[in-house]
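Thanks, everyone. Please have the sequence and the structure open while I talk.

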Amino acid sequence: TVAIHIDVNRGPACRFGPVQLVGFRKVPPEQIEFKIKEGSPYHISDVEETRRQLFGLRVFRLVNVTPDLENPDPTVVPITIQVQENKPRSLKLGLLASFQDGSQILGADVLFEDWNLGKKLWTYQQELRVGGHYTDRLGPQSLANGTLILKHFFVQGLDFIQSGRFE
């Protein structure tokens with residue numbers, strides 16, 4: 001039997017220091033509610049949550065949230081948030097063909113997405129699906145879907161979501 005005794009000396013409580021934002025060009029940082037705030041208690045989980053939150057916006061392809069542990073005041077931890085922005089829009093095209101049991105499914109998909117509409121982090125998605133299921137009784141069918149998501153619509157925390165469908 002071995003007994004191990006470990007003394008842990010916790011250091012002083014730390015607070016977040018100044019937050020430096022690097023790489024924001026078309027995405028307005030004032031539209032983002034950051035988990036990390038200068039003066040709030042330092043928690044490593046807030047650093048990770050901020051990174052996840054920024055990736056979740058889908059407008060960044062790189063996010064680094066780095067604490068400066070070399071600060072002369074050991075109770076203040078400055079943070080650097082560095083991002084590289086994605087292209088704010090995407091266009092995806094797809095084709096579908098299936099031949100089975102005397103029926104045919106033929107179609108095409110077009111999906112347009114804008115993740116920073118009006119430089120306000122509003123999301124717009126438009127999908128057009130044309131084609132159909134061809135059998136002896138059914139002819140071609142078409143479908144168009146659209147979704148508009150306005151984050152922080154007029155006030156922080158209020159989201160507006162509108163969807164539409166046309167067949």
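This is a predicted model: local features need pLDDT of at least 70, side-chain atom pairs count only at pLDDT 80 or more; totals for chains, interfaces and linings use all residues.

**Strands, a patch and a few residues**

Let's start with a pair of strands. Strand β4, residues 89-100, and strand β5, residues 103-117, pair in the antiparallel sense, over 12 bridges.

How many of the 12 residues of β4 are buried? Zero, so the strand lies largely in the open. The cut-off here is simple: buried means under 20% relative accessible area.

Next, the surface. There is a nonpolar patch made of L91, L93, V110, L128 and V130. Together these residues have about 450 Å² of accessible area. Which elements give two or more residues to the patch? They are β4 and β6, and β6 covers 122-134. V110 is a patch member too, and V110 sits in strand β5. Its relative accessible area is 31%, so V110 counts as partly exposed.

Stay on β5 for D114. Is D114 buried or exposed? Buried: its relative accessible area is 5%. Now look at what the side chain does. It makes a polar contact of 3.1 Å with the side chain of R89. The side chain of D114 also reaches the backbone nitrogen of N116, at 2.9 Å. Leaving out residues up to four places away in sequence, D114 touches P88, R89, W122, T123 and Y124.

Now a backbone point. Most residues other than glycine have a negative phi. R58 is not a glycine, yet its phi is positive, about 65°. Where is R58 found? In the loop between α1, 44-56, and β2, 60-67. With a relative accessible area of 42%, R58 is partly exposed.

Last stop, the segment before β1, where G11 lies. Strand β1 itself covers 15-22. G11 is exposed, at a relative accessible area of 58%. Now find T75. G11 and T75 are 64 residues apart along the chain, and their C-alpha atoms are separated by 8.8 Å.

To recap. β4 has zero buried residues and pairs with β5. R58 has the positive phi. Over to you for discussion.

Conventions: Residues are numbered from 1 along each chain as its sequence is written. Side-chain values use heavy atoms; hydrogens and water are left out. Buried means under 20% relative accessible area, exposed over 50%, partly exposed in between (1.4 Å probe, protein chains only). Helices (H or I, at least four residues) and strands (E, at least two) are DSSP runs, numbered from the N terminus. Two strands pair if DSSP finds at least two bridges between them. Patches are made of residues with over 30% relative accessible area and no salt bridge: like charges are joined within 9 Å, nonpolar side chains (Val, Leu, Ile, Met, Phe, Trp, Tyr) within 5 Å. Accessible areas come from the Shrake-Rupley method with a 1.4 Å probe; for residues, only the protein chains shown count as cover. A salt bridge is a side-chain nitrogen of Lys or Arg within 4 Å of a carboxyl oxygen of Asp or Glu. A polar contact is a pair of N or O atoms within 3.5 Å; within protein, one must be able to donate a hydrogen and the other to accept it, and residues adjacent in sequence count only if both atoms are side-chain atoms. Contact means heavy atoms within 4.5 Å.
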